[in-house]
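Here is a short briefing to read alongside the structure. Take a moment with the view below, and then we can walk through it together.

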Amino acid sequence: MASTETEAQSAAAPAGDDTTAGTTATKAGVASGDLAGLEAGLDALESTVVARQPWLRTTASKALPPVVALAIVLALWQLAYHFELKPHYLLPSPVDVGRSLQQKWLEGTLLNFVWTSVSRGALGFLASVAIGTVLGLIVAQVKAVRAAIGPILSGLQSLPSVAWVPAAIIWFGLSDATIYAVVLLGAVPSIANGLVAGVDQISPLYLRAGRTIGATGLAGVRHVLLPAALPGYIAGLKQGWAFSWRSLMAAELIVNAPDLGTGLGQLLEQGRELQDMSWVLAAILLILIVGIGIELLIFAPIERRVLRSRGLLVKS
């Protein structure tokens, strides 16, 4: 009888243990589910639900502020012309400038002027990107090089590009090489410094993780360093393009020869020589339009995409 009770108790013990284990597992599952629900709730609080707006409304919301600003500028310009803040031959009206542009368009030369400068600027900028990227990586990774030429790069970035024109003319004469030399000297320091700033902002954890998985040397640069430094690098590229365009206009203003072709800078200088302010203001307007167009059509979308992919830009 005693042995029977003992066997019953020993048989009941495992059953109780199984029940206890099942209850513990159930409680753990409930706690895990509660924790997941809490995390989902916090994520829902932080996230922003954005309703898709019609493309027409989106386009209007983006285009309206610049259009209003342009209208205000034109109105103030017309008022200055009307009240003769300057004589009309020194300050033509917007209509006069528009007529000057129309004349160049009808002559079939306007697009040639724009294309000459844009092609020069693009070629000089691409060369600057190639040189500035390599230089920036070397400065960012080699401490001795950074200590030696880092301050020089910062000084070159602050040096006006027009200061290089006389030296470039002496070196290369009145040729395209002079123009491209000025563009390179103006843009390379900005691109290199932008990349150095981007590399400095990389978390050391990313670099250690890259070395752990074997991403060293050129593979580490391609797959870890450049992607992690991309926001700062894009900012350096934007600034590099701005310096390229400014340097190009400075070079074209001074380096003027018949066999070089006529860009927007040469067009501006021709207007000055003829004392034609409508021509001068038309050239300035074209330079401004090209610079803004490159920024809005190329660099702004790239920057938005990069920042949005890193969670640094939220749609509103």
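Buried residues account for 31% of the 316 residues in this chain. Keep in mind that the model is predicted.

**Overall picture**
- From the N terminus on, the elements read α-α-α-α-α-α-α-α-α-α-α-α.
- Of the contacts with a separation of 6 or more, 70% are between residues 24 or more positions apart.

**Aromatic pairs**
- The structure contains four aromatic pairs.
- One of them joins Phe-125 and Phe-299 edge-to-face, at 5.9 Å centre to centre with 90° between the planes.
- Phe-125 belongs to helix H4 (residues 110-141) and Phe-299 to helix H12 (residues 277-309), so this pair ties together parts 174 residues apart in sequence.
- Phe-125 is buried, with a relative accessible area of 11%, and Phe-299 is buried too, at 8%.
- Another pair, Trp-241 and Trp-245, is stacked, with 5.6 Å centre to centre and 20° between the planes.
- Both of these Trp residues lie in helix H10 (residues 230-254), four residues apart, or about one turn of the helix.
- Trp-241 and Trp-245 are both buried.
- Ring pairs link Phe-125, Trp-241, Trp-245 and Phe-299 into a cluster.

**Charges over rings**
- Lys-104 places its charged end over the ring of Trp-279, 3.4 Å from the ring centre.
- Arg-246 has its charged end over the ring of Phe-243, 4.9 Å from the centre.

How values were computed: Residues are numbered from 1 along each chain as its sequence is written. This is a predicted model: local features need pLDDT of at least 70, side-chain atom pairs count only at pLDDT 80 or more; totals for chains, interfaces and linings use all residues. Side-chain values use heavy atoms; hydrogens and water are left out. Helices (H or I, at least four residues) and strands (E, at least two) are DSSP runs, numbered from the N terminus. Buried means under 20% relative accessible area, exposed over 50%, partly exposed in between (1.4 Å probe, protein chains only). Contact means heavy atoms within 4.5 Å. Rings of Phe, Tyr and Trp (its six-membered ring) pair if their centres lie within 6.5 Å; planes under 30 degrees apart count as stacked, over 60 as edge-to-face and the rest as tilted. A charge sits over a ring if NZ of Lys or CZ of Arg is within 6 Å of the ring centre and within 35 degrees of the ring normal.
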